[in-house]
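Please examine the sequence and the model shown here. The briefing below is arranged by topic.

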Amino acid sequence: MKKLITFILFINYILIFSQKNINEKLAEAEKFANKIIENNPDKILSYYKLNNGILKKVNPNNENEDDDSEIMMSYRIIKKNDKIIYISKSDSFWGMGDWNSSQDFYFDENGVLLGAVKKEDWFLENKCARQIRYRGIYKNYGKPKLQRIDKFYNENDKEIDLDSPNCKKSKKEALENAERTDKITFRNLAGFMKAERIKYYK
């Protein structure tokens with residue numbers, strides 16, 4: 001019995017250490033990506049994916065290179081030491097519309113998924129909020145399913161309590177929208193490319 005307890009405590013220690021390690025690596029990747037986004041946007045590689053799965057680099061000198069109707073997804077990629085550590089994907093290529101949806105993915109330099117942030121913004125126009133900004137924060141602790149924490153904010157970036165009197169009627173819609181794109185099943189960069197059906201990238 002004593003040996004069993006010792007074994008369980010050892011496993012818990014390994015898991016806690018692993019989670020701490022992932023948290024530190026994720027924080028480092030987020031900090032690096034945010035610094036590039038804020039201070040060196042010219043280092044961000046921008047691509048778009050056509051209906052046939054081909055990934056093409058955005059050409060700022062030729063915005064109409066492909067028909068808008070052929071573009072199904074856009075990606076922003078950041079590298080560190082020539083390794084991809086951040087990818088942001090969005091189906092709102094031209095940044096228009098009442099609904100904004102995007103996902104940010106963070107990888108270590110070996111291509112292992114550290115975590116992700118799913119973003120869904122939509123207009124509500126009631127007492128709960130004029131606009132809801134949902135953030136699903138994922139972390140990869142090596143389990144079959146990513147750990148996820150859900151956060152809901154209003155247009156002023158104030159966190160919303162969906163169980164409050166003003167928001168109860170909107171809770172079902174908000175939770176359904178939060179689940180709408182919850183399909184993160186890959187655990188590495190190669191898996192991301194396969195899931196996105198991207199045929200070519202550099």
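The points that follow concern the sheet, a helix and the aromatic rings.

This is a predicted model, in which local features need pLDDT of at least 70, side-chain atom pairs count only at pLDDT 80 or more, and totals for chains, interfaces and linings use all residues. Residues are numbered from 1 along each chain as its sequence is written, and side-chain values use heavy atoms, with hydrogens and water left out.

**Sheet and helix**

- Eight strands form an open sheet in the order β2-β1-β3-β4-β5-β6-β7-β8, with antiparallel pairing; strands (E, at least two residues) and helices (H or I, at least four) are DSSP runs numbered from the N terminus, and two strands pair if DSSP finds at least two bridges between them.
- The edge strands, β2 (55-57) and β8 (147-153), each pair on one side only.
- Seven bridges join β3 (residues 71-80) to β4 (residues 83-90) in the antiparallel sense, and Lys80 stands opposite Lys83 in β4.
- Helix α2 (residues 168-179) lies across β6 (113-123), β7 (131-139) and β8, at about 140° to β6 (axes are lines fitted to C-alpha atoms, for helices over the stretch in contact, with angles from 0 to 180 degrees between N-to-C directions; contact means heavy atoms within 4.5 Å).

**Aromatic rings**

- The whole structure holds seven aromatic pairs (ring centres of Phe, Tyr or Trp, the latter by its six-membered ring, within 6.5 Å; planes under 30 degrees apart are stacked, over 60 edge-to-face, the rest tilted).
- Phe105 and Phe186 form a tilted pair, 5.5 Å centre to centre with 55° between the planes.
- Phe105 lies in β5 (residues 100-107) and Phe186 in the loop between α2 and α3 (189-195), so the pair ties together parts 81 residues apart in sequence.
- Phe186 also pairs edge-to-face with Phe192, at 5.4 Å and 80°.
- Phe105 and Phe186 are buried, as is Phe192 (under 20% relative accessible area, with exposed over 50% and partly exposed in between; 1.4 Å probe, protein chains only).
- Tyr75, Phe105, Phe107, Phe186 and Phe192 form one aromatic cluster.
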